[in-house]
Protein chains: 2
Amino acid sequence: MGATPANEQIASPRRAPSQQRSRERVERMLAAASALIAEQGSDAMRMGEVAERAGVSIGSLYQFFPDKRAIVWALAERYTAESQACISAALKDISDAEGLKRAFSELVDIYYGLFLAEPVMRDIWSGTQADKALRQLELADSRANAEFLIAVLKRLRPDADPVALDTTAFLVWQMGEAAMRLAISVERQEGDRLVAAYKRMALRELLAE
Amino acid sequence: MGATPANEQIASPRRAPSQQRSRERVERMLAAASALIAEQGSDAMRMGEVAERAGVSIGSLYQFFPDKRAIVWALAERYTAESQACISAALKDISDAEGLKRAFSELVDIYYGLFLAEPVMRDIWSGTQADKALRQLELADSRANAEFLIAVLKRLRPDADPVALDTTAFLVWQMGEAAMRLAISVERQEGDRLVAAYKRMALRELLAE
DNA sequence: TGCAAATGTGAGTATGTCTCACATTTGCAA
DNA sequence: TTGCAAATGTGAGACATACTCACATTTGCA
C-alpha cells in the first residue's frame, strides 16, 4: 500500500484549459479515467494508467487536475448536472397529489436506472471510495440487526407476505443507519430534527403497512 | 501521497494473541488507534504513529492486524457487538403496536446517542473512510435537489410549517439516495424490491404529512 | 534445562501520488 | 514575419506511507 494523506479540500481544475488542444486532451483524460473506473473502480485506478491511456504525460494530468479525487469528481459533476435538470423538469408543474405521485415515481425510476447503468456513478455511490468488502460486512451486520425487527413484524402481522415484511424491515433499518450518518454530518440541531422525522417516517411504515 | 492498492478482502487478525503479554499489547494497539482516530480520523491515522503510541514496533502491529483496515474494523466490531445485544433486548418482548412504538423510539435514541458520542463510530460511519470534503459537496448537491421537492410540498401545503417541510423533503431525498446505494449493493431482484418499497414509503410520507 | 512455538524488531521494499525544472507550442501584437 | 509571453507538455524523481522479512528474544512446557 501507499499513502493517503489527510485531505483538506476539494480543488477545482488547477487551470482551465483555454486552448482547443488542451480541451481535447482533458477530454481524453476524463474518458480514460471513466473507462478505468468502469473496469476496476476508482480506488484501483492509477494516475499513471490514466495518463498512459489518455496518451498524455502524468505531468499534463496534474496540470488540469490537482489530485486524483478531482478527476473522479469532475466525472461525477457531469452526471449531477444532468440529473439536476431532469429533476427540476420532473417536479416543475405539479399541482396536486396525483401529479406528485406520478412524477415522483417516475423520477425514482429514472434515478435508479441511472445508478444501475452508469459505472462511474455506481463506483462513486456504492461506498464513496470505500471498501467493497467492508461494505459487504456492514450489510451483513445490518441484515442481522434487521432480523430483530423482522421478528417483531412477523409477530404483529402473522398473515402478511413474509418477503414484503423482510423488505420493509430491512429498508427501514437501512434508512435508519443512513439517517444517523446524515444526522452526524450536519449541524446538531438539524440532525436532531432529521432523526425525529425519521422516527415518525419509520413508525408510520412499520405500523400502517 | 502514497499508494492505495486495489483491496481484495477483509482479513481477520493474522494471528490470535494467545499469551497474556501479547493480549495486553494488542489492547494497547487498539487503544492507540482509537485515540488517533478520535483526534484525526482513520484516514489520517498512520500505522507508524499507532505503533509508536502503543509502544510497540510496527512489525508487532502487523503481527496481529493484516492491514490498516483490520484495526479500524476490530474497533468497529466491538461497538456492533455491543449494540446488537442492545437491539435484541429492546425488541425482544414486543406484543402490540404501542410496544413497538415505544421500543423503536427508544432504540433510535440510543443509537443516535452512540453515534454522536463515539468518535470511532463517527469516523467510520460519517463517510466510511471517505472524504469529508467530498461528502460535504455531495450534501450540498443533495440539498439543491431536495429544493425542488420542497417547492412542490410548499405549493401543495402552503399553510404547513416550513421548517417541517424542509426537514421532511430533505430526509425523503436523502433516504432515496441511500436506498439507491443500497439497491445497487445487493442482488438486482432484491434491489428492485427495495426501491419499490422506498417509493411507497416516501410517497406515504410526502402525501400524508 | 532445552527447545519449539509465540512474540518482538525495525531497516528495507514496494508502490503509489504528486512536484518541478525545463522543453515546446500557441496566440497575438508590433 | 517576427518576437515573446503565456499556455501547455514532459517525465525523472522526490516523497510518503503501507507492509514484509530475516533475524532476535521471550515464553510455556515436557
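**Figure 1. Surroundings of A:I87 in the predicted model.** With 21 C-beta neighbours inside 10 Å, A:I87 counts as buried, in a model that is predicted rather than determined by experiment. A:I87 is placed in helix α4 of chain A, which runs over residues 68–91. When residues up to four places away in sequence are not counted, A:I87 touches A:L107 of chain A as well as B:N145 and B:F148 of chain B. A:K132, by contrast, is 45 residues apart from A:I87 in sequence, and the two are 29 Å apart in space, C-alpha to C-alpha.

**Figure 2. Helix α4 of chain A and the helices packed against its buried residues.** The 24 residues of α4(A) reach 35 Å from the first C-alpha to the last, close to the 34 Å expected at 1.5 Å a residue. Buried in this helix are A:K68, A:I71, A:V72, A:W73, A:L75, A:A76, A:I87, A:A90 and A:L91. The buried residues of α4(A) pack against α1 (20–40), α2 (47–54), α5 and α6 (119–125) of chain A, and also against α7 of chain B.

**Figure 3. B:L91 in helix α4 of chain B.** B:L91 has its place in helix α4 of chain B and, with 22 C-beta neighbours inside 10 Å, counts as buried. Leaving aside neighbours within four places in sequence, B:L91 is in contact with A:F148, A:L149 and A:V152 of chain A, and with B:A103 of chain B. The C-alpha atoms of B:L91 and B:F104, which are 13 residues apart along the chain, are separated by 7.5 Å.

**Figure 4. The two sides of helix α5 of chain B.** The 21 residues of α5(B) reach 30 Å from the first C-alpha to the last, close to the 30 Å expected at 1.5 Å a residue. The buried residues of this helix are B:L100, B:F104, B:L107, B:V108, B:Y111, B:Y112 and B:F115. They cover an arc of only 130° around the axis, which puts them on the same side of α5(B). On the other side of α5(B), the residues B:E98, B:R102, B:G113 and B:A117 are exposed.

**Figure 5. Helix α9 of chain B.** The 20 residues of α9(B) should span 28 Å at 1.5 Å a residue, and this agrees with the end C-alpha atoms, which are 28 Å apart. Within α9(B), the buried residues are B:R193, B:L194, B:V195, B:A197, B:Y198, B:M201, B:A202, B:E205 and B:L206. Those buried residues pack against α5 (97–117), α8 and α9 of chain A, together with α7 and α8 of chain B.

**Figure 6. The contact between chain A and chain B.** In this view 77 residues of chain B are in contact with 77 residues of chain A. On the side of chain B that touches chain A, at least two residues each are supplied by α4 (68–91), α5 (97–117), α6 (119–125), α7 (132–156), α8 (162–183) and α9 (188–207) of chain B. It is α9(B) that gives the most to this side, with 13 residues. Divided by class, the side of chain B that touches chain A has 46 nonpolar, 19 polar and 12 charged residues.

**Figure 7. The relation between the two copies.**

**Figure 8. Domains of chain A.** The domain assignment of chain A gives domain 1 (6–69) and domain 2 (75–206). The centres of domain 1 of chain A and domain 2 of chain A, taken over C-alpha atoms, are separated by 32 Å. Their contact takes eight residues from domain 1 of chain A and five residues from domain 2 of chain A. By class, the side of domain 1 of chain A that touches domain 2 of chain A has four nonpolar, three polar and one charged residues.

**Figure 9. A:D166 in helix α8 of chain A.** A:D166, which lies in helix α8 of chain A, counts as buried with 20 C-beta neighbours inside 10 Å; the cut-off for a buried residue is 20 or more. The C-alpha atoms of A:D166 and A:A146, 20 residues apart along the chain, are separated by 8.4 Å.

Methods: Residues are numbered from 1 along each chain as its sequence is written. Chains are lettered from A and ligands numbered from 1 in the order in which they are written. This is a predicted model: local features need pLDDT of at least 70, side-chain atom pairs count only at pLDDT 80 or more; totals for chains, interfaces and linings use all residues. Two residues are in contact if their C-beta atoms, placed from the backbone, lie within 7 Å. Helices (H or I, at least four residues) and strands (E, at least two) are DSSP runs, numbered from the N terminus. Ala, Val, Leu, Ile, Met, Phe, Trp, Tyr, Cys and Pro count as nonpolar, Asp, Glu, Lys and Arg as charged, and the others, Gly among them, as polar. Domain bounds come from an automatic or database domain assignment. The expected span of a helix is 1.5 Å times one less than its number of residues. A residue is buried if 20 or more other C-beta atoms lie within 10 Å of its own, exposed if 12 or fewer, and partly exposed in between; C-beta atoms are placed from the backbone. The arc is that of the directions from the helix axis to the C-beta atoms.
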